[in-house]
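Let's take a friendly look at the aromatic rings here and at a few residues around them. The structure comes first, then the notes.

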Amino acid sequence: MSFLDILQLALRNLRQAKLRAVLTTMGVIVGVAVIVTMMSFGLGLQRNMLDRFKALDFFNEIQVFGQGLSTLAGLDRSSRGPEGERRNDRRSDKSPTRILDDAGIKEIAAIPGVAYVEPSVSFNVFVRSNGKLRSSFVGGANIPNAATRFQHFAAGKMISSPTAGEAVVSERFIKDFGFEKPADAIGKTLELLAPPSENKKDKEEEDTPNFFGIPLDDPGLDESNPDVETKTFRIAGVLGEIKEGVGQGGLRGLFPGAQIYVPLQMAHDWSVQHRSPMGQVALALARRGGNLGEGQNEGYEAAVVRVTDPKHLTEVRQKLTEKGFGSFSIVDEIDQIRTVFLIIDSVLGLLGGISLLVASFGIANTMIMSILERTREIGIMKAIGAEDREIKLIFFVEAAVIGVLGGIVGVLIAWGIDGVANRLAYRFILKPQGASFIDFFSLPIYLSVGAILFALVVSILAALYPASRAARIDPVRALRHD
């Protein structure tokens, strides 16, 4: 018999037992739909996470570490930094062996593939603006700055020059200091408040009238007296959050977050002149231990290196290691993330595979029942010359039809479930929060084709025993069968 004859015979046999064939196919449909739905959810999570990393500009930047003041002072890496803030949770690939000073910054900037280097300077300080006094984090920023973080403004613009007394603030700053909307803050001022630096304090003590070291005039403790030093900045812009797509919300790049950004040199000068008591102790310990010379600059604890293309990440990091610096890149986490998602996808696929395994029992049962009903017909076919191979092929084709049909319908149902689930999630979860639509499920072509092929293989395997049993039927006994 030709394959076309076998196919027509298999389809005729399925039509003769429509209800049984439909119920068996339904088992395959449910199994395939469950597998595809679960795995598409896992793939959707993985794709959204990688897309978000890309949208947040994590693949173009490297965080480089040097022997900062904490390390030079011998502080434990898990403790708080010298300024009292929690140290960065990102881990360097190796312990740095040199100080990240201005000379080191220039060396890094000269590495092929590096677009620019931006030292990380941040500190916690009292800030007064709009009649309110609060504690805020201030960060330094290169001017001009090509980082994607400073490309989107809710109001205003970027700081005009490296020496301008201007600042850009976050939308969180606007809320904390009582501005109704971002535009209201443009042109207003903010003041940084701190005790005066040591040099200034000594000079003021010399100029203050005294009687054998006892001040003759005590004006009281307010921000206008020498006990409080202020520096005023004009608010030039308000950074805005992107509220569309996978990159909505969050800070772009690896640069540490802050509520206020001022020119880098001004931020660095302020942080050096107004060290906290912990910072002063760390500096003294570093000098006493001989790790920092008396006139030597302690440099920066970290900096952000932006590469011209993500493909240069590996080469640049190798050069950083050769120069004695440690580094961190989100690429370090990608392999771990993929391993986690591989486990998740495997578990989800296994749960769906159980449904398809149950369906395979139904296929085997259907084939065995078909043998009992068609014993005489099988005997006649063998009597007129049908080979065992052809008898087996008939049952394999019947099982394949059930598997392919069930696989196709199952994929279509899974596609529909994914679409409905995406819209329900947007309607009841994302939309109330003001977020844009996100596709939580990913149904690539290879998953659909793979699910159909998997259903086909399972169906054929389920037909192995029934087909072998049909091929072993004795034609003489089969012809006597009622």
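## A phenylalanine cluster

In this predicted model, Phe173 is buried, and Phe179 is buried too. Their ring centres are 6.5 Å apart and their planes meet at 25 degrees, so this pair counts as stacked. The angle decides the label because planes under 30 degrees apart are classed as stacked.

Phe177 joins in as well: ring pairs link Phe173, Phe177 and Phe179 into a cluster.

## A pair across the chain

How many aromatic pairs does the structure hold? There are four. One of them brings together Phe150 and Tyr261, with 5.1 Å from centre to centre and 90 degrees between the planes, an edge-to-face arrangement.

This pair links distant parts of the chain, as its two residues are 111 residues apart. Phe150 belongs to the loop between strand E4 (132–141) and strand E5 (153–156), while Tyr261 is part of strand E11 (residues 260–263). Are Phe150 and Tyr261 buried or exposed? Both Phe150 and Tyr261 are buried.

## A charge over a ring

Rings can also have a charged neighbour. Arg427 lies over the face of Phe428, 5.3 Å from the ring centre.

## An exposed loop residue

Where does Thr163 lie? Thr163 is in the loop between E5 and strand E6 (166–169). Its relative accessibility is 66%, so Thr163 counts as exposed; the cut-off for that label is over 50%.

Thr163 and Ile143 are 20 residues apart along the chain, and their C-alpha atoms are separated by 8.9 Å.

Definitions and conventions:
Residues are numbered from 1 along each chain as its sequence is written. This is a predicted model: local features need pLDDT of at least 70, side-chain atom pairs count only at pLDDT 80 or more; totals for chains, interfaces and linings use all residues. Side-chain values use heavy atoms; hydrogens and water are left out. Rings of Phe, Tyr and Trp (its six-membered ring) pair if their centres lie within 6.5 Å; planes under 30 degrees apart count as stacked, over 60 as edge-to-face and the rest as tilted. Helices (H or I, at least four residues) and strands (E, at least two) are DSSP runs, numbered from the N terminus. Buried means under 20% relative accessible area, exposed over 50%, partly exposed in between (1.4 Å probe, protein chains only). A charge sits over a ring if NZ of Lys or CZ of Arg is within 6 Å of the ring centre and within 35 degrees of the ring normal.
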